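Dear colleague,

Please find below the structure that I am handing over to you. My notes on it follow, arranged by topic.

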Amino acid sequence: MTRLRLHHRLGLLALSLLLPALLVGLMAVWFLALTTLSHHDRTLVWVQGTPAQLASLREAVLEHPVFPEGDFAPGGYADHRPAECAGFELAVGFSRLREFELSAAKTSLDDLVRESGVQACDAHVFIFNDLPSPFDPTAWDDSLVTLLLALFLPTGTLLIAYWGFGLAHALPTPWHLPRPLLRTLGLGAAGAVAGLLAIKLVELVLRLAWPDASVGSDAISGLGPDPFSLPVILLVGVYVPFLEELAFRAWLIPVAERAIGLWPACALSVLAFAAIHLPFAGPELLGTLVLGAIFAVVYALTRSLPACVIAHGGYNVLALGLHVVAVG
(Lines give C-alpha, C1' and ligand atoms only; values in the text may rest on other atoms or scores of the structure.)
Protein backbone atom coordinates (compact mmCIF):
# COMPACT_ATOMS: atom_id res chain seq x y z
CA MET A 1 0.00 0.00 0.00
CA THR A 2 1.52 3.30 -1.03
CA ARG A 3 1.53 6.37 1.18
CA LEU A 4 -0.95 8.10 -1.11
CA ARG A 5 -3.41 5.26 -0.88
CA LEU A 6 -3.09 5.23 2.88
CA HIS A 7 -3.87 8.92 3.00
CA HIS A 8 -6.85 8.34 0.74
CA ARG A 9 -8.20 5.63 3.03
CA LEU A 10 -7.71 7.80 6.10
CA GLY A 11 -9.44 10.65 4.33
CA LEU A 12 -12.43 8.46 3.54
CA LEU A 13 -12.62 7.29 7.16
CA ALA A 14 -12.52 10.88 8.37
CA LEU A 15 -15.19 11.81 5.84
CA SER A 16 -17.37 8.92 7.00
CA LEU A 17 -17.46 10.47 10.47
CA LEU A 18 -18.48 13.88 9.15
CA LEU A 19 -22.25 13.48 9.38
CA PRO A 20 -22.21 11.78 12.81
CA ALA A 21 -20.01 14.59 14.13
CA LEU A 22 -22.25 17.19 12.50
CA LEU A 23 -25.35 15.60 14.03
CA VAL A 24 -23.81 15.57 17.51
CA GLY A 25 -22.67 19.17 17.13
CA LEU A 26 -26.06 20.40 15.92
CA MET A 27 -27.96 18.71 18.72
CA ALA A 28 -25.48 19.97 21.33
CA VAL A 29 -25.76 23.56 20.09
CA TRP A 30 -29.56 23.37 19.99
CA PHE A 31 -29.74 21.87 23.49
CA LEU A 32 -27.33 24.48 24.85
CA ALA A 33 -29.31 27.31 23.31
CA LEU A 34 -32.58 25.92 24.64
CA THR A 35 -31.56 25.13 28.21
CA THR A 36 -28.61 27.38 28.99
CA LEU A 37 -28.74 30.50 26.88
CA SER A 38 -32.51 30.89 26.87
CA HIS A 39 -34.26 32.71 29.70
CA HIS A 40 -37.31 30.61 30.44
CA ASP A 41 -37.37 30.04 34.19
CA ARG A 42 -40.29 31.40 36.19
CA THR A 43 -41.24 32.12 39.80
CA LEU A 44 -44.91 32.42 40.72
CA VAL A 45 -47.14 32.99 43.74
CA TRP A 46 -50.94 32.94 43.96
CA VAL A 47 -52.61 35.75 45.92
CA GLN A 48 -55.92 37.26 47.07
CA GLY A 49 -56.60 40.81 48.16
CA THR A 50 -58.62 43.98 47.85
CA PRO A 51 -58.68 45.85 44.53
CA ALA A 52 -56.38 48.52 45.98
CA GLN A 53 -53.89 45.93 47.25
CA LEU A 54 -53.89 44.09 43.93
CA ALA A 55 -53.44 47.31 41.97
CA SER A 56 -50.44 48.21 44.12
CA LEU A 57 -48.93 44.75 43.64
CA ARG A 58 -49.59 44.85 39.90
CA GLU A 59 -47.74 48.13 39.50
CA ALA A 60 -44.81 46.92 41.61
CA VAL A 61 -44.48 43.64 39.69
CA LEU A 62 -44.96 44.97 36.16
CA GLU A 63 -42.64 47.96 36.69
CA HIS A 64 -39.91 46.20 38.65
CA PRO A 65 -36.53 47.80 37.83
CA VAL A 66 -34.53 44.55 37.92
CA PHE A 67 -36.92 41.90 36.54
CA PRO A 68 -38.76 43.49 33.61
CA GLU A 69 -40.81 40.42 32.65
CA GLY A 70 -43.47 40.66 35.31
CA ASP A 71 -46.55 38.44 35.30
CA PHE A 72 -49.95 39.50 36.61
CA ALA A 73 -52.42 36.89 35.39
CA PRO A 74 -55.97 36.70 36.79
CA GLY A 75 -56.98 33.06 36.49
CA GLY A 76 -53.66 32.25 34.82
CA TYR A 77 -51.23 29.33 35.06
CA ALA A 78 -53.85 26.95 36.42
CA ASP A 79 -51.72 24.01 35.24
CA HIS A 80 -48.91 25.12 37.56
CA ARG A 81 -51.09 26.02 40.56
CA PRO A 82 -50.58 23.63 43.52
CA ALA A 83 -53.62 21.91 44.97
CA GLU A 84 -53.27 23.80 48.25
CA CYS A 85 -53.71 27.06 46.34
CA ALA A 86 -57.23 26.24 45.14
CA GLY A 87 -59.34 29.39 45.30
CA PHE A 88 -56.37 31.68 44.68
CA GLU A 89 -57.15 32.71 41.12
CA LEU A 90 -54.54 35.43 40.63
CA ALA A 91 -50.95 34.46 39.77
CA VAL A 92 -48.14 37.00 40.01
CA GLY A 93 -44.44 36.52 39.38
CA PHE A 94 -41.49 37.03 37.10
CA SER A 95 -40.75 35.08 33.92
CA ARG A 96 -37.91 34.73 31.40
CA LEU A 97 -35.43 34.34 34.25
CA ARG A 98 -32.01 32.79 34.03
CA GLU A 99 -31.27 30.08 36.55
CA PHE A 100 -28.95 32.22 38.66
CA GLU A 101 -31.71 34.87 38.94
CA LEU A 102 -34.31 32.57 40.48
CA SER A 103 -33.36 33.01 44.12
CA ALA A 104 -33.18 36.80 43.90
CA ALA A 105 -36.43 36.92 41.94
CA LYS A 106 -38.20 34.82 44.58
CA THR A 107 -36.96 37.08 47.38
CA SER A 108 -38.03 40.21 45.51
CA LEU A 109 -41.45 38.74 44.75
CA ASP A 110 -42.00 37.76 48.38
CA ASP A 111 -41.08 41.29 49.47
CA LEU A 112 -43.49 42.86 46.99
CA VAL A 113 -46.32 40.56 48.04
CA ARG A 114 -45.74 41.30 51.72
CA GLU A 115 -45.53 45.07 51.18
CA SER A 116 -48.77 45.12 49.18
CA GLY A 117 -50.70 43.49 52.03
CA VAL A 118 -52.31 40.77 49.90
CA GLN A 119 -52.86 37.25 51.18
CA ALA A 120 -50.49 34.80 49.53
CA CYS A 121 -50.80 31.06 49.17
CA ASP A 122 -48.07 29.29 51.13
CA ALA A 123 -46.86 27.27 48.14
CA HIS A 124 -44.34 29.09 45.99
CA VAL A 125 -43.69 27.56 42.62
CA PHE A 126 -40.60 27.67 40.47
CA ILE A 127 -40.88 26.48 36.90
CA PHE A 128 -37.56 25.72 35.24
CA ASN A 129 -37.32 26.07 31.46
CA ASP A 130 -41.01 26.68 30.99
CA LEU A 131 -40.84 26.68 27.22
CA PRO A 132 -44.09 25.29 25.81
CA SER A 133 -43.68 21.56 25.37
CA PRO A 134 -44.07 20.17 21.84
CA PHE A 135 -45.25 16.96 23.56
CA ASP A 136 -48.34 18.78 24.90
CA PRO A 137 -51.05 19.12 22.21
CA THR A 138 -52.58 22.08 24.11
CA ALA A 139 -49.29 23.97 23.77
CA TRP A 140 -48.61 23.32 20.09
CA ASP A 141 -49.46 26.88 19.04
CA ASP A 142 -46.97 28.33 21.53
CA SER A 143 -44.29 25.73 20.88
CA LEU A 144 -44.42 25.93 17.07
CA VAL A 145 -41.31 28.09 16.67
CA THR A 146 -39.28 25.93 19.05
CA LEU A 147 -40.50 22.77 17.34
CA LEU A 148 -39.69 24.07 13.86
CA LEU A 149 -36.20 25.10 14.93
CA ALA A 150 -35.65 21.68 16.48
CA LEU A 151 -36.84 19.92 13.33
CA PHE A 152 -35.53 22.01 10.48
CA LEU A 153 -32.12 23.07 11.74
CA PRO A 154 -30.52 19.62 12.20
CA THR A 155 -32.60 17.94 9.49
CA GLY A 156 -31.94 20.55 6.83
CA THR A 157 -28.25 20.80 7.63
CA LEU A 158 -27.76 17.03 7.57
CA LEU A 159 -29.66 16.59 4.32
CA ILE A 160 -27.70 19.38 2.63
CA ALA A 161 -24.44 17.82 3.77
CA TYR A 162 -25.58 14.33 2.71
CA TRP A 163 -26.61 15.42 -0.78
CA GLY A 164 -23.66 17.79 -1.21
CA PHE A 165 -20.97 15.27 -0.31
CA GLY A 166 -23.01 12.27 -1.43
CA LEU A 167 -23.05 13.40 -5.04
CA ALA A 168 -19.28 13.10 -5.12
CA HIS A 169 -19.48 9.52 -3.78
CA ALA A 170 -22.54 8.34 -5.74
CA LEU A 171 -24.58 7.67 -2.61
CA PRO A 172 -28.28 6.83 -3.09
CA THR A 173 -30.98 9.28 -2.05
CA PRO A 174 -32.23 8.93 1.53
CA TRP A 175 -35.53 7.56 0.21
CA HIS A 176 -33.96 4.70 -1.79
CA LEU A 177 -35.91 1.44 -1.47
CA PRO A 178 -34.19 -1.46 -3.28
CA ARG A 179 -36.21 -4.25 -4.84
CA PRO A 180 -37.80 -6.49 -3.77
CA LEU A 181 -39.68 -3.92 -1.69
CA LEU A 182 -41.37 -6.33 0.71
CA ARG A 183 -38.05 -7.99 1.55
CA THR A 184 -36.47 -4.62 2.33
CA LEU A 185 -39.33 -3.49 4.56
CA GLY A 186 -39.56 -6.94 6.15
CA LEU A 187 -35.90 -6.89 7.11
CA GLY A 188 -36.45 -3.51 8.72
CA ALA A 189 -39.36 -4.82 10.76
CA ALA A 190 -37.36 -7.93 11.68
CA GLY A 191 -34.58 -5.64 12.88
CA ALA A 192 -37.00 -3.88 15.22
CA VAL A 193 -38.16 -7.15 16.77
CA ALA A 194 -34.61 -8.50 16.95
CA GLY A 195 -33.50 -5.32 18.68
CA LEU A 196 -36.20 -5.60 21.31
CA LEU A 197 -35.44 -9.27 22.00
CA ALA A 198 -31.71 -8.60 22.13
CA ILE A 199 -32.14 -5.73 24.59
CA LYS A 200 -34.31 -7.84 26.87
CA LEU A 201 -31.64 -10.54 26.83
CA VAL A 202 -28.93 -7.98 27.58
CA GLU A 203 -30.98 -6.56 30.47
CA LEU A 204 -31.38 -10.06 31.90
CA VAL A 205 -27.64 -10.69 31.69
CA LEU A 206 -26.86 -7.32 33.30
CA ARG A 207 -29.25 -7.94 36.16
CA LEU A 208 -27.69 -11.34 36.80
CA ALA A 209 -24.14 -9.96 36.61
CA TRP A 210 -24.78 -6.69 38.51
CA PRO A 211 -27.90 -7.10 40.70
CA ASP A 212 -27.46 -3.64 42.24
CA ALA A 213 -26.97 -1.79 38.95
CA SER A 214 -29.71 0.43 37.58
CA VAL A 215 -30.74 -1.25 34.32
CA GLY A 216 -33.13 0.47 31.97
CA SER A 217 -33.31 3.97 30.60
CA ASP A 218 -34.95 6.89 32.42
CA ALA A 219 -35.26 8.81 29.14
CA ILE A 220 -38.93 7.84 28.78
CA SER A 221 -39.77 9.82 31.92
CA GLY A 222 -38.79 12.96 30.04
CA LEU A 223 -41.27 12.38 27.22
CA GLY A 224 -44.12 14.17 28.90
CA PRO A 225 -47.27 12.96 30.68
CA ASP A 226 -48.49 10.91 27.71
CA PRO A 227 -45.62 8.84 26.22
CA PHE A 228 -47.98 7.48 23.55
CA SER A 229 -49.11 10.86 22.25
CA LEU A 230 -48.67 11.53 18.55
CA PRO A 231 -45.76 14.00 19.01
CA VAL A 232 -43.83 11.49 21.10
CA ILE A 233 -44.44 8.66 18.64
CA LEU A 234 -43.28 10.83 15.75
CA LEU A 235 -40.20 11.91 17.69
CA VAL A 236 -38.97 8.50 18.88
CA GLY A 237 -40.41 6.47 16.01
CA VAL A 238 -39.53 8.61 13.00
CA TYR A 239 -37.60 11.81 13.55
CA VAL A 240 -34.71 10.73 15.81
CA PRO A 241 -34.28 7.37 14.01
CA PHE A 242 -34.18 9.17 10.65
CA LEU A 243 -31.42 11.57 11.76
CA GLU A 244 -29.33 8.89 13.44
CA GLU A 245 -29.70 6.31 10.69
CA LEU A 246 -28.94 8.90 8.02
CA ALA A 247 -25.68 9.78 9.76
CA PHE A 248 -24.55 6.45 11.19
CA ARG A 249 -25.74 3.99 8.58
CA ALA A 250 -26.70 5.55 5.24
CA TRP A 251 -23.67 7.86 5.28
CA LEU A 252 -20.99 6.32 7.47
CA ILE A 253 -21.10 2.74 6.20
CA PRO A 254 -20.93 3.27 2.41
CA VAL A 255 -18.24 5.96 2.71
CA ALA A 256 -16.09 3.97 5.16
CA GLU A 257 -16.68 0.80 3.14
CA ARG A 258 -14.60 2.22 0.31
CA ALA A 259 -11.66 2.49 2.67
CA ILE A 260 -11.88 -0.64 4.82
CA GLY A 261 -14.62 -2.90 3.44
CA LEU A 262 -18.26 -3.51 4.38
CA TRP A 263 -18.07 -5.31 7.72
CA PRO A 264 -15.24 -3.21 9.20
CA ALA A 265 -17.31 -0.18 8.15
CA CYS A 266 -20.31 -1.66 9.97
CA ALA A 267 -18.12 -2.15 13.06
CA LEU A 268 -17.03 1.49 12.88
CA SER A 269 -20.69 2.49 12.64
CA VAL A 270 -21.49 0.49 15.78
CA LEU A 271 -18.64 2.09 17.74
CA ALA A 272 -19.54 5.61 16.61
CA PHE A 273 -23.22 5.01 17.42
CA ALA A 274 -22.33 3.79 20.91
CA ALA A 275 -19.93 6.68 21.45
CA ILE A 276 -22.64 9.33 21.18
CA HIS A 277 -24.71 7.45 23.76
CA LEU A 278 -21.87 7.07 26.27
CA PRO A 279 -22.99 9.86 28.62
CA PHE A 280 -26.40 8.18 28.89
CA ALA A 281 -25.69 4.49 28.44
CA GLY A 282 -24.29 3.57 31.86
CA PRO A 283 -24.47 -0.20 32.37
CA GLU A 284 -26.61 -0.41 29.21
CA LEU A 285 -23.62 0.27 26.95
CA LEU A 286 -23.68 -3.37 25.87
CA GLY A 287 -27.28 -2.96 24.75
CA THR A 288 -26.37 0.14 22.75
CA LEU A 289 -23.62 -1.81 20.98
CA VAL A 290 -26.03 -4.65 20.21
CA LEU A 291 -28.64 -2.27 18.82
CA GLY A 292 -26.05 -0.52 16.69
CA ALA A 293 -24.91 -3.87 15.33
CA ILE A 294 -28.47 -4.91 14.43
CA PHE A 295 -29.15 -1.64 12.62
CA ALA A 296 -25.82 -1.94 10.79
CA VAL A 297 -26.69 -5.46 9.65
CA VAL A 298 -30.08 -4.24 8.40
CA TYR A 299 -28.29 -1.63 6.29
CA ALA A 300 -25.73 -4.14 5.02
CA LEU A 301 -28.51 -6.48 3.90
CA THR A 302 -30.81 -3.85 2.39
CA ARG A 303 -28.67 -0.80 1.54
CA SER A 304 -31.79 1.14 2.49
CA LEU A 305 -32.19 4.04 4.90
CA PRO A 306 -35.97 3.51 5.20
CA ALA A 307 -35.36 -0.08 6.31
CA CYS A 308 -32.98 1.15 9.02
CA VAL A 309 -35.49 3.80 10.14
CA ILE A 310 -38.15 1.08 10.40
CA ALA A 311 -35.79 -1.05 12.49
CA HIS A 312 -34.68 1.80 14.75
CA GLY A 313 -38.05 3.53 15.05
CA GLY A 314 -39.89 0.24 15.41
CA TYR A 315 -37.60 -0.79 18.24
CA ASN A 316 -38.14 2.56 19.99
CA VAL A 317 -41.93 2.31 19.76
CA LEU A 318 -41.97 -1.33 20.89
CA ALA A 319 -39.71 -0.53 23.85
CA LEU A 320 -41.88 2.46 24.71
CA GLY A 321 -45.00 0.32 24.59
CA LEU A 322 -43.50 -2.31 26.89
CA HIS A 323 -42.41 0.40 29.33
CA VAL A 324 -45.90 1.93 29.42
CA VAL A 325 -47.44 -1.52 30.01
CA ALA A 326 -44.91 -2.30 32.75
CA VAL A 327 -45.45 0.90 34.72
CA GLY A 328 -49.19 0.95 34.07
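I begin with a glycine: helix H4 is followed by Gly 117, which has a positive phi near 85°. Please keep in mind throughout that this is a predicted model.

Helix H4 itself comprises residues 102-116.

Turning to the cysteines, a search of the whole structure finds one disulfide. It is formed by Cys 85 and Cys 121, whose sulfur atoms are 1.9 Å apart. The torsion about their S-S bond is about -85°, so the disulfide is left-handed. Cys 85 lies in the loop between strand E2 (70-74) and strand E3 (90-97), while Cys 121 lies in the loop between strand E4 (119-120) and strand E5 (125-127); the pair therefore ties together parts that are 36 residues apart in sequence. Are these two cysteines buried or exposed? Both Cys 85 and Cys 121 are buried.

Cys 266 is in no disulfide, and the nearest cysteine sulfur, that of Cys 308, is 9.4 Å away.

The next topic is helix H6, which covers residues 181-209. Its 29 residues should span 42 Å at 1.5 Å a residue, and its end C-alpha atoms are 42 Å apart, in agreement with that value. The buried residues of H6 include Gly 188, Gly 191, Ala 192, Gly 195, Ala 198, Ile 199, Val 202 and Glu 203.

How do H6 and helix H10 (residues 285-302) cross? Their axes come within 9 Å and cross at roughly 165°, which makes H6 roughly antiparallel to H10. The crossing is right-handed. On the H6 side, the contact is made by residues including Leu 187, Gly 188, Gly 191, Ala 194, Gly 195 and Ala 198. On the H10 side, the contributors include Leu 286, Gly 287, Val 290, Leu 291, Ile 294 and Val 298. An α-helix has 3.6 residues a turn, so residues three or four places apart point the same way.

Finally, some details of the backbone. The peptide bond from Arg 179 to Pro 180 is cis, with omega near -5°. Pro 180 lies in the loop between helix H5 (140-168) and H6.

Which phi do Arg 96 and Arg 303 have? Arg 96 has a positive phi of about 55° although it is not a glycine, and the value for Arg 303, also not a glycine, is positive and about 55°. Arg 96 lies in strand E3 and is partly exposed, with a relative accessible area of 43%. Arg 303 lies in the loop between H10 and helix H11 (305-327); this arginine is partly exposed, with a relative accessible area of 30%.

Yours sincerely

Methods: Residues numbered from 1 in each chain as written. Predicted model: local features only at pLDDT ≥ 70, side-chain atom pairs only at ≥ 80, totals over all residues. Heavy atoms only, no water. Disulfide = S-S within 2.5 Å. Helix = DSSP H or I, 4+ residues; strand = E, 2+ residues; numbered from the N terminus. Buried < 20%, exposed > 50% of the residue type's maximum accessible area, 1.4 Å probe, protein only. Expected span 1.5 Å × (residues − 1). Axes fitted to C-alpha atoms, helices over the stretch in contact; angles between N-to-C directions. Parallel < 35°, antiparallel > 145°, perpendicular 65-115°, else oblique. Left-handed = near helix turned anticlockwise from the far one by under 90°. Contact = heavy atoms within 4.5 Å.
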